[in-house]
Amino acid sequence: MGERGTRSLVEGMEKPASRIDDVPEEKVIRSLLDNFPATVTDFKKLRKGVIRARIERRDLYRCCKFLRDHLGFEHLSMISAVEYDKRFEIVYHISCYGSCLLLELITSTPKDDPSVDSVASIWGGANWQERESYDLMGIKFNNHPKLERILLPKDTLYHPLRKDFKGGG
Amino acid sequence: MNLFQFCYGIIHWLVDLINHLWYWLGNLLPWWFGDFFNAVGDLAASHGNIVVFTILLEALVILIIAVVNVLNFIWIDRKFMGRMFDFYGPYYVGYRIGGWLQNIADGIKLFVKEIITPAKADKIGFYLGPVIFVSSSFLALSTIPLGRNFGIATNPSGLGVPASALIAFAFFAIAPFAILISGWSSNNKYTLIGGMRSAAQMMSYEIPMLLTVASVFLLAGSFDFMDIVSAQHDIWFAIPLALGFVIFLVCLVAEVEIQPFDLPEAEAELVEGWTTEYSGMRFGFFMMTSYLRGYIGGALTTALFLGGWHGPALIPEPIWFLIKAYIVFVVIEWMRWSTPRVRVDQLLNIGWNRLMPLAMLNLLIAASMKTMGWF
Amino acid sequence: MWINMGPQHPMTHGLWNLRIKVDGETIVDAEPEVGYLHRGIEKLCENRTYTQIIPIADRLCYGSSLTWSHLYCLTVEDLMGIEVPPRAEYIRVASIEMQRIASHLMWLAAYAADLGAMIGFIYTMRDREVFIDLLQALTGSRITYNFPRIGGVAHDIPPNFERDSLRACDYMEKKLKEYEDLFDGSKVFMMRNQGVGVLRKEDAMNLGVTGPPLRGSGVKYDLRKDMPYSVYPEMDFEAATHPDCDCYARYRVRMDEMFESCKIIRQAVQKMPKGKWRTVAPRNAPAGTGLGRVEDPRGEGMMYVVGDGTDRPYRLKIRSPIFVTVSAAKKMLVGYKVADVVAIMGGLDMCIGETDR
Amino acid sequence: MGNVIVFRSKDFVKWADGVLEGALRRSPIGSGVDYLTKDFFNWATRNSIYPLHFGIMCCALEMAVASAPRFDAQRFGIIYRSTPRQCDVLLVNGPVSKKLKPALRRLYDQMPGPKWVIAMGECAISGGPFYNSYSVVPGVDQFIPVDIYIPGCPARPEALIDGFIKLQKLIKENKKGLLTGK
């Protein structure tokens, strides 16, 4: 387990995550704080290699672009939406190839206007995951290429994962 | 005595038998009615009429040969596949005879099933497709003799044109046309693609196949199966024309549309290919005929390359012929169950870029052999 | 001409729909459509206790159900902060690798049948039974095992398990060489695979493709190596990669992974320590979040659980590898022939159970 | 008046068809033919069962395993066909979601009669572990008549083969003549 974070990369990776190679968790935190001092808050190191940060939703797109272009976070693992009493939280799990940092980026939206910027233009893999969040939780993603229902039939009226939906489960 | 004479004899005997009764009946009646009776009897006993009935009887013989062979072939196919794949194949239906009754059960079940015509299908084409497919294959079968005296299109009186091999290939090549018709008229995208693929496949594989056959014609000096087979009395054409034999076998697999080249009914991407919309006995006919074409392929290979019915005289000639045809079929089946399917552009590539030049080369070899006077 | 391939189509191996637009036989546009098997598992989990979810997690993916229940247990252990006894970890690793081989063999069977080689389907299905038997001896079931528990595994290994596993590995390595002869030696198979379904490295990384398709594109990204969980750091194995980016590379990666899995099983059953195989887990989970990431046979599987102090999860989010991978289908399909659909989509190893959840 | 004089061939075929069918169905000829052929047709039907190649969830894997060498359902003449037009049995082997329901019903309607339905596994019988989900139909018999239920989650291959044998018994019990329907 010791060599985590310093693993050498595959030969010939053009966009090297080599910048991240010698970047431990603190360095990511510092560089995020330097660039988004007002919006990035609440840092926490959960385990080795797993960082959590909160970001306000108006800066989400810029922050994600910065993460991919400058810090080498090229892999969006998962987008999950969680409903709380007053707000929705949208959790982005972002990691990078080669090193094993996992960034848990949380943004929240109020309940009356559940919308955030889409990151599908940054990571192509976000496209369907955002559609799924829209389908099951009813969160709108601005500038999404095709925001439609994906798992449920097109004529469904409800968003099943919301807590006020009582049918089933 | 050959098959024609045999059937002619049977019919003649039957007609005579009936005519005896008939004339006896006519003699009992008043003279004007009796004359009419006698006239009908004479007409029935005339040579032309008996020939017509003889041909009908021969058609029945063809049908029986075809059906028995098809049943055997499906059984061999499944059993052989089973043995290759570590299982039994059909087993419980008629288990005393190795599951042979399974095919009969399948056929009867398909006969009982409902026949569906899709609402938006083109009715005429949809009905016509199976008819053309089945009948053209039977016609091709009818030209192939099973023995020196066991042929149907072989004319004993020497009046016809000795071109039975040519006719066989002509009929054999009609089937893709029927596939195209039924694929188009089913009004389904899969069947349409299947039909189109079949047409492309026929276009590209018919030519090298016929070039190879031309080399056989060249060596034998005739278009007739009888002459071709008797020309192979000393040496099978598969030995001097080894290259041609391989090309012919590959093209044959493409023509009868089985595994490496079964693109028109590629199960994985086109659901069941061009038979997707056919149900009940129409599908049964298709399935039966595709095996029948397998038999025709084996028979053609045997007649053209493997010396036909020539063999040690212990076994009768038709049996020799059938044994060889079955072996060819089993080899084809072996190929079928062990290779993946090629793609359509690769198929055309193989046909035009590889087989065409090789077939030309083969024709050159045959021509030079003929020129040297070896045949 | 738009063609609908699915939901009932021999190519799909599951329940989804691929719409392709063809020009002649060339694909110009493609659009996968999923959701025919949506069972609302994430909602169901909110109304089940933590232990009751294990069988449901099993039914997430029918190809490799053990991986998913293991992932679920990892996630909840992370939430509850439980240490798993080492013997349980070794049992888990051995069983997961058996499951990985069984899953890859099933993929190979389906793939060979798709390409038309029925013989591949039959032989791989026959040899898969060896590992299914081992897993059945271990867990008592053939497909959905319900074996891992929060804080360990359900039972100890049966008698002679070590001997049987070693034998199975020897048998499997012999058979895998046979498959290599059967497929790599077949000209037609190579023609159908090489240069088909090219997914370049940049596209694969951007589209979030994980697992064998990503490693087949030349990116060495294997969570067992990169972010090790369980006792994988103590195992000696290599993450298989191939630089070709095509269907053949994906096939090759999976074959190599099966060899590596045999190695891991050997080490796991031989190094297995004595001791307990299960600890007691509390009924209620604390408020907080838990995260689990494993290398599923199909890619990166991930679960995110939010606990609220009760005995039921407040929210359980499942990341399905195939759900993300299949969204990259258009990139791979466009420009190839209709017949390549089966090779390309078959090469992704679709498992609709986890995709639709 | 026109339709009295003009007698199209289509009408003639229809008329002749109706007359022949009526004669066959009602007369002793029909029942005689049925008496002779009933057993034979029934034997053929029950010994050649073609299920639809349609996999939904876990049980689909066991369906595939059942036709592989170890369990070998082909001994009984069971061959999977991919198109519903050539099938006898619809094998529902998993939960039916609301999105799938119309498609499955359509598949059933596309099959030619006589046809049977086997519900394989708990999900198809009653919804199984997903019985109270918002998106799963609890049991396929809510919209398709089911003949054979095979319990198990997932049902084992032996259970599937047993189900096919039970179906053969069912077909044998409900013996019907082709013409008279008795």
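Among contacts in chain A between residues at least 6 apart in sequence, 49% join residues at least 24 apart, two residues being in contact if their C-beta atoms, placed from the backbone, lie within 7 Å. The model is predicted: local features need pLDDT of at least 70, side-chain atom pairs count only at pLDDT 80 or more, and totals for chains, interfaces and linings use all residues. Residues are numbered from 1 along each chain as its sequence is written, while chains are lettered from A and ligands numbered from 1 in the order in which they are written.

Chain A contains four helices and seven strands; these are DSSP runs numbered from the N terminus, with helices being H or I of at least four residues and strands E of at least two. Read from the N terminus, the order is α-α-β-β-α-β-β-β-β-α-β. Of the 169 residues in chain A, 43% are buried, that is, they have 20 or more other C-beta atoms within 10 Å of their own, whereas 12 or fewer makes a residue exposed and values in between make it partly exposed.

Chain A also touches chain C, in a contact that takes 28 residues from chain A and 32 residues from chain C. On the chain A side, β3 (75–83), β4 (87–95) and α4 (126–137) each supply at least two residues. The largest share, six residues, comes from β3(A).

In chain B, B:D234 lies in the loop between α9 (225–231) and α10 (242–255). B:D234 counts as exposed because it has 8 C-beta neighbours inside 10 Å. B:D234 and B:H310 are 76 residues apart in sequence, and their C-alpha atoms are 9.3 Å apart in space.
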